[in-house]
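Subject: Structure for your review

Dear colleague,

Please find below the structure that I am handing over to you. My notes on what was found in it follow directly after.

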Amino acid sequence: MEGQLCANLEISVEKPQGASPPSFIALLKVYRELLVSRIRNTQCLIDNLIENDYFSAEDAEIVVQFPTQADKVRKILDLVQSKGEEVSEYFICVLQKVADAYYELQPWLDEIGYEPSENICSKPVVNTDPVSRYCQKLRYELGRDSKFVMSYGQREEMLLEEIYSNSIMELVGFTNESLGKVYQLEALFDDTVGLINEDGETIYVFGDAGIGKSILLQKIQSLWARKELDIGAKFFFCFRCRMFSCFKEDEAICLKDLLFKYNCYPDQDPTEVFHYILQFPHTVLFTFDGFDEIYSNFDLSTMPEMCSPSEAVHPLVLLVSLLRGKLLKGSKKILTARTGTEIQRNIIRKKVLLRGFSSNNLKDYTAMFFKDEGQRALVLNQLEANPNLCSLCTVPLFCWIIFKCYEHFHSMFDSHELPDCSVTLTDVFLLMIEVHLNRSLKTSLLKNTTRSQAEVFRSRKETLLALGKMAYKGMENSFFIFQQEEVSSVNISEGDLQLGFLRTVKGYSGCDDQFTYEFLHLTLQCFFTALFLVIEEKVSAKELLRFFNECSSTETVQPTCLRIPWLKKQLEGEDPFRNNEHFHFTNLFLCGLLSRSKQKLFRHLVLPAVIKRKRKILIAYFGESMKSHLKGLTRSSLPNYNQIQVQPNFVWMLRCLYETQNEKVGKLAAKRMHANYIKLTYCNAYSADCSAISFVVHHFQKRLALDLDNNNINDYGVKQLLPCFSKLAVIRLSVNQVTDHGVRILYEELSKYQIVSFLGLYNNQITDVGAKYVAKLIEECSSLEYVKIGANKITSEGGKCLAQAIQKSKTMFEIGMWGNQVGDEGAKAFAEALRNHPRLTNVSLAFNGITTEGGKSIAEAMQHNNSVKIFWLTKNELDDEAAMSFAEMLKVNKKLVHLWLIQNRITAKGVKYLSEALKENTAIKEVCLNGNLISQEEAKAFEDEERIICF
């Protein structure tokens, strides 16, 4: 538009060769109309003109007397031109250097080709633009707010830099298939990796409760504030979604108020700042934390889609319009939610799954938490000795709780030993509560005067009951924010607040004049809810089972949930283990608190008869619910196996089972499965869940198959499965972050029992070290027939070990090596293994960097093999010379049925060799050559041979 206006004025600003410098006064006169219409900020011009003594105070007073912005610009232009060429040029220089304020004039400045003279370059230009000032204020406030992480004692804050540690972040597709890891936070915004929908604008980050979603956003906020996150974002607005539940149904605000009133308000000219944001939405980054925590009676379906930035509507409409791109289209957005919250695909740009700590992440976090090397060694040694604690530590929140407990007991007893070494999540939370309360008690100078856990709980029963009552009231309606009157109504004292179970949060919706509270974490509210159900004697059977019923009834849940058409909550009828995580955690803690091992603790808080009654109700209900749940699972018959296909909610059932620590219930669950093949794929199981799996599986009397593919088991989970290995004939752990250490555990255990027939380890973190353990297992375990170890980090060294083991084995039926890097040396070793092997039937060496040399070795060896029926050599570097060798092999080998040479470097010449060889071979059914160097025209020459597949 500016260019068109310049053209209409028909003036050339190009300086003819040898001509005098252009007149800046003339420029200002000619482009007066353009400047008046485009300059919105006069104060920055005035400030700089005064600073350089071009304007007097009287000049500034004359300008500000004019009522409109346009008139002010006209007067400034008049005064500047009257003061000569130098002042006129300086005026243009300010427009160029303060680009934030005069962004609409930058094309014009480029067009006139303005370059400041040496004299003007020496004059300072100060940016007093409100947009720039606002950006500075935003960075300061967000930097201050993100510097510390609130501990579970409000009097204690921790520096983010001293507590944040990297965890596993994985880019995934719409069906949660892996697209690679995220190693740098900038990669979240890099469209070259993990992009699944270019029309979407939202990066959707999800994971289990406590996995680190909120602290990740805090880290991003901190990096942006320090200008260490280079993603082109000038503005950063962060929202905690649960706060939207505070708004009343009839409240209405505009987008400007949502951004400024509930984040950071501009000190100067909010209208200009907001106008800039509307003009350049791509410079804005939003974070919305905990989308699944919005609970409101407000029904969005009654509101039309809204995209006007000036219209006042309910804040939830603004939120949804931002996410849909109806407002500030092009802005960057990060949305977090717990696993199981499904968001409509069309708003998602990327999906990021948080998996918690890997073993290396845990070591790094331990080093960060325990600065003293001696203390750190003690902690790591005890974790190594207790795999259950180690597994819980893969979830960052639980790890932090456990480490704080270590720290407390070290300060109290000069020891890092946790009393009665915790084995369930309930134990860990009870220990955290004990540590909390212990720190608040007055003690003598002698450290050994601290009370027992039962005494501590008994001394603060009223406090626990009050906190539990408020937690319960909130959980009934899925509310996570509490007003001051709600806190007062349950008699929570100021001293109780100082314990740190609750923290103050910024109030929305007219709450600014009083404190608003929330529990430190959602799981803590769940725990206190369960605690209330246990220690409140008047709780009825119906109330005790309330949250099991909440999970199974769509009618009770739906009215309190925000009704957004594209927010799906996976309601599944009468299944009590439907994915509704805050209810599930409450049920889990209820099972743990009513377990037999906790009766000693609670007899000091409630009558034993009451505990016995509640325990009886829970176990009876749990047994019937489990029976109903198991009946509804998908079943199928396989050779030698009756398979049961479970859903992710089955994991919650196992977790609850484990928390009860009731062997009878565990045994009953195993019996009622009526299956010997348990398929737990894509169930979001993590390492600590393996304790629960083992708790049930060890009750099976016969051999069974356990499929845990595509979860988050890792090495700690493998260790938790130790009680199962004596029963497992099939163990599948593909896509589970298993490393060489986990493979070593598998070798040591599986080799003891000699019954495993199938080992699945595809797409893990296994190197040549782990490959050697698998090779030893193949050699020593004659029952092993199937090994899937593709997509790992195995090179020629590991490949040779595996090949040599297979060569010695007389029972191996299938080896899957797709996606490693064994190369030609590994291929030659496998060639020797294939030569005269008595049983090997299916072989995959696809995508292994094998070239002609390795291919020729394999082809020659296959001339002496009568067992292999299927051979995959897809995505290697095989050329026509290799194809000739395979053609010679096919003239001899009449047992091979399928040969896949897809995506190699074979041309029509190589295809011709293979086609000619098939005239002497009637046994082979197909030679697949898709994706080679063959054109469709060339492929027509082989149409008569149907077994040659080129396209």
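Cys-801 has a relative accessible area of 22%, so this residue counts as partly exposed. Cys-928, by contrast, is buried, because its relative accessibility of 5% lies under the 20% limit. Please bear in mind that this is a predicted model.

Is Cys-928 bonded to a partner, or which cysteine sulfur is nearest to it? Cys-928 takes part in no disulfide, and the nearest cysteine sulfur, that of Cys-950, lies 9.8 Å away.

I turn next to a sheet. Three strands make up an open sheet with antiparallel pairing, and their order is E11-E13-E12. Strand E11 (482-483) and strand E12 (502-505) are at the edges; each has a single partner strand, and therefore one side of each is left without a neighbour in the sheet. Between E11 and strand E13 (residues 516-519), the antiparallel pairing runs over two bridges. Phe-482 has Tyr-517 in E13 as its bridge partner. Helix H22 (residues 461-476) lies across E11, E12 and E13, and its direction makes an angle of about 95 degrees with E13.

A loop residue also deserves a note. Thr-339 sits in the loop between strand E8 (332-338) and strand E9 (342-343). Is Thr-339 buried or exposed? Thr-339 counts as buried, because its relative accessibility is 15% and the limit for buried is under 20%. Thr-339 and Phe-206 are 133 residues apart in sequence, yet their C-alpha atoms are 5.6 Å apart in space. The side chain of Thr-339 is also joined to that of Asp-208 by a polar contact of 3.1 Å.

Finally, there is a pair of helices. Helix H39 (residues 823-834) packs with helix H40 (residues 852-862) at an angle of about 0 degrees, and their axes are 8 Å apart. H39 and H40 are therefore roughly parallel to each other, since angles under 35 degrees count as such. Which residues meet between the two helices? On the H39 side they are Asp-824, Ala-827, Lys-828, Ala-831 and Leu-834. On the H40 side they are Glu-853, Gly-854, Ser-857, Ile-858, Ala-861 and Met-862.

With kind regards

Notes:
Residues are numbered from 1 along each chain as its sequence is written. This is a predicted model: local features need pLDDT of at least 70, side-chain atom pairs count only at pLDDT 80 or more; totals for chains, interfaces and linings use all residues. Side-chain values use heavy atoms; hydrogens and water are left out. Buried means under 20% relative accessible area, exposed over 50%, partly exposed in between (1.4 Å probe, protein chains only). A disulfide is a pair of cysteine sulfur atoms within 2.5 Å. Two strands pair if DSSP finds at least two bridges between them. Helices (H or I, at least four residues) and strands (E, at least two) are DSSP runs, numbered from the N terminus. Contact means heavy atoms within 4.5 Å. Axes are lines fitted to C-alpha atoms, for helices over the stretch in contact, and angles run from 0 to 180 degrees between N-to-C directions. A polar contact is a pair of N or O atoms within 3.5 Å; within protein, one must be able to donate a hydrogen and the other to accept it, and residues adjacent in sequence count only if both atoms are side-chain atoms. Angles under 35 degrees count as roughly parallel, over 145 as roughly antiparallel, 65 to 115 as roughly perpendicular and the rest as oblique.
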